[in-house]
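These notebook entries record what I looked up in one structure.

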Amino acid sequence: MRWLLALLLIGWPLIAFSETVRVSPSGKAYCTVGAAIAALPESGGEVRIAPGTYREKLWIGKANVHLIGTGKRPEEVVLVYADSSITVGNTYKTPSVHVAGDGFRADNLTIANDWGSDPSRKNSQAVALALSGDSAVLTRVRILSTQDTLYLVKPEGKQARHLFRDCYVEGHVDFVFGNANAYFERCHLHGVERSNIFYTAQSRNSPNEESAFVFSDCRLTSYAAPDGVFLGRAWRPYARVIWLNTQMDAPIAPAGWREWYPDRSKTLDTAYYAEYRSRGPGASPATRDPRSHRLSDAEAAQWTLPNFFKGDIDWIDPPAR
C-alpha cells in the first residue's frame, strides 16, 4: 500500500481498472465505454458510465444508444480523445465521439477533444462531437474543444434533427458548425482565447433546405478576442441562424455577423441571420449588419420548438413504455 499512498501524496492520477461501465437492462459491466456500446443489441440500449475519464475514440453506429453519466455533475464523467485534422488528415475523422445512429441520447456527461489544450500544438480543427444521425437529444452535456467543437452533419437524403438542453459548448473558431435542424434550449456557449471567435458556421446549401440553428434562452460568454467575437459566419451561402431571448454577456462585435472571407465572399447577401430580444452587453440591434434581421413577436414565434420541428416532437420526449 506504500506505493498507493505515495501516488496520492504527490497528486498523480489513479487509473481504475475496475469494471465501471454498465449496460442496461442486463446490468453487465465493462471496463470501457466502447466495449459497453459494442455489447448492446442492434436496437440500442442504455450505457451507464461511472465517474472517471475515459480516453477513447468512439464511433456509434447503432440506433437508440443512450449514454448516461452517473456522477452528480457532467464534469465527473469525461469522454475524451485528442485527434486533429493535422494528425488524421481531415476534419471528419477528428471527432472524439461520432454518432451515426438515429435516436441517440446523452445525459450528464462531458465529451471533449483536448488537442488544443496543449499550447505546443498547432491550432487545428479538432471535433469533440459529430452527429450524422437523426433525432439526437442531449441534456446537461458539456462539449469541449477549440476549433470546430460540435459538428452537425446532414447526410444526403436524410433528416438531421437535434435538440440540446441545458448544455455547455466551448470553443473558438466555428465551434458549432454544419448542416442540420438543431435547437439549443437554455445552453451556455463560451468562446475561449483566440484572436477572433465565431460561435457558429452554419452550412445550409439552398434557400429551400430544411436546415437552421436556433438558440433559445441561451447565454453567450467569451474571451475578449482582439479581432472580434461574432455570432457567426456562413460556411455555405444560405446559412441560417436565429438567436431568441439570448443573454449576450460576451463582447459581441457591433455588426454581430461576419463574412466568411471579408475580402471576397458575399455570404451575408444570402444568409438568414436573425435575433429576437437579445440582451446584455453584447446585444446591439442598432449596429447589427443591415442584412441581418430583427424579428417581430410573430416572426419569432415561427422559431419556437414545436413550430421549428413542425409539431413532430415525439422523438424529443417519447412516452414511457
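Entry 1. The side chain of S135 reaches the backbone nitrogen of G103 at 3.3 Å. I take a polar contact as a pair of N or O atoms within 3.5 Å; within protein, one must be able to donate a hydrogen and the other to accept it, and residues adjacent in sequence count only if both atoms are side-chain atoms.

I note the basis of these entries. The model is predicted, local features need pLDDT of at least 70, side-chain atom pairs count only at pLDDT 80 or more, and totals for chains, interfaces and linings use all residues. Residues are numbered from 1 along each chain as its sequence is written, and side-chain values use heavy atoms, with hydrogens and water left out.

Entry 2. I then asked where S135 lies: it is in the loop between β10 (129-131) and β11 (136-144). Strands (E, at least two residues) are DSSP runs, as are helices (H or I, at least four), and both are numbered from the N terminus. S135 counts as buried because its relative accessibility is 10%; buried means under 20% relative accessible area, exposed over 50%, and partly exposed in between (1.4 Å probe, protein chains only). Beyond residues up to four places away in sequence, S135 touches D102, G103, F104, R161, H162 and W315, where contact means heavy atoms within 4.5 Å.

Entry 3. I followed β10 into its sheet. An open sheet of 6 strands has the order β5-β8-β10-β12-β15-β19, with parallel pairing. β5 (58-60) and β19 (200-202) stand at the edges with a single partner strand each, so one side of each is left without a neighbour in the sheet. Two strands pair if DSSP finds at least two bridges between them. Strand β8 (residues 97-99) pairs with β10 in the parallel sense over 3 bridges, and V99 has L131 in β10 as its bridge partner.

Entry 4. I looked up a further strand, β7 (residues 77-81). As 4 of its 5 residues are buried, β7 is largely enclosed by the rest of the structure. Strand β4 (residues 52-55) runs parallel to β7 and is joined to it by 4 bridges; R55 stands opposite V80. β7 also pairs with strand β9 (residues 105-113), in the parallel sense and over 4 bridges. There, L79 has I111 as its bridge partner.

Entry 5. Which residues have the most contacts inside the largest nonpolar core? I found L138 and F164, in a core of 63 residues. A nonpolar core is a set of buried Ala, Val, Leu, Ile, Met, Phe, Trp, Tyr and Cys residues joined through side-chain atoms within 4.5 Å. The largest share of this core, 4 residues, comes from β11. Apart from this core lies another, of 17 residues, including V137 and W315.

Entry 6. I searched the whole structure for disulfides and found 0; a disulfide is a pair of cysteine sulfur atoms within 2.5 Å. For C187, the nearest cysteine sulfur is that of C167, 4.7 Å away. C187 counts as buried, at 2% relative accessibility, whereas C31 is partly exposed, at 44%.

Entry 7. Last, I looked up S206, in the loop between β19 and β20 (212-216). S206 counts as partly exposed, at 26% relative accessibility. The C-alpha atoms of S206 and S284 are separated by 29 Å, and the two residues are 78 residues apart along the chain.
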